[in-house]
Amino acid sequence: PSSISILSTGISVQAGGLLTVIENKAEMLTCMTRQSNPPPSISWILGDLPLPSTNQTNSREEGSSKWTSQATLRHVFLKSDLGKRLQCVAKHIAYPAGQNTTDARLDVLYK
């Protein structure tokens with residue numbers, strides 16, 4: 001894959017940047033990769049804890065043999081997640097280490 005990014009409400013989060021979420025609210029986040037062949041396997045990690053993706057979709061890019069892949073995470077974040085690192089991990093044979101990651105630091109809004 002040529003790129004990997006985390007999206008919140010359709011807007012890309014800068015790698016290593018802040019991702020603002022609301023405590024006790026189900027948040028929907030997407031990890032997207034582009035320009036891969038074959039599609040990668042995408043997973044999520046919060047701190048050191050693997051999180052389940054709700055699904056991964058792979059679609060061919062128009063006029064290309066490459067793939068765009070998206071994995072959606074539906075998760076309820078807690079106050080204790082404040083400052084934790086949320087990672088999207090794409091496993092693919094083309095990466096020298098076998099995988100590539102992007103991440104964001106959580107800013108959890110709470111009462």
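Visitor: What is the relative accessibility of Arg85?

Guide: Arg85 has a relative accessibility of 31% and therefore counts as partly exposed. Buried means under 20% relative accessible area, exposed means over 50%, and partly exposed lies in between, with a 1.4 Å probe and protein chains only.

Visitor: What kind of model is this?

Guide: The model is predicted: local features need pLDDT of at least 70, side-chain atom pairs count only at pLDDT 80 or more, and totals for chains, interfaces and linings use all residues. Residues are numbered from 1 along each chain as its sequence is written, and side-chain values use heavy atoms, with hydrogens and water left out.

Visitor: Which residue does Arg85 meet in a salt bridge?

Guide: The partner is Asp103, with an N to O distance of 2.6 Å. This pair links distant parts of the chain, 18 residues apart: Arg85 is in strand β9 (residues 85–91) and Asp103 in strand β10 (residues 99–109). A salt bridge requires a side-chain nitrogen of Lys or Arg within 4 Å of a carboxyl oxygen of Asp or Glu. Strands (E, at least two residues) and helices (H or I, at least four) are DSSP runs, numbered from the N terminus.

Visitor: And Asp103, buried or exposed?

Guide: Asp103 is buried, at a relative accessible area of 18%.

Visitor: How many salt bridges are there in the whole structure?

Guide: The search finds three. One of them joins Glu61 and Arg34, 3.5 Å from N to O. Here too distant parts of the chain are linked, since Arg34 belongs to strand β4 (residues 26–36) and Glu61 to the loop between β7 (55–60) and β8 (67–76), 27 residues apart. Glu61 is buried at 10% relative accessibility, whereas Arg34 is partly exposed at 37%.

Visitor: What about Lys84, which residue is its partner?

Guide: Lys84 forms a salt bridge with Asp81, and their closest N and O atoms are 3.4 Å apart. Lys84 is partly exposed, with a relative accessible area of 32%, while Asp81 counts as buried at 6% relative accessibility.

Visitor: Changing topic: where is Ser36 found?

Guide: Ser36 is in strand β4 and counts as buried, at 1% relative accessibility. Its C-alpha atom is separated by 5.1 Å from that of Lys66, 30 residues apart along the chain. Leaving aside neighbours within four places in sequence, Ser36 is in contact (heavy atoms within 4.5 Å) with Pro1, Ser65, Lys66, Trp67, Ser69 and His92.
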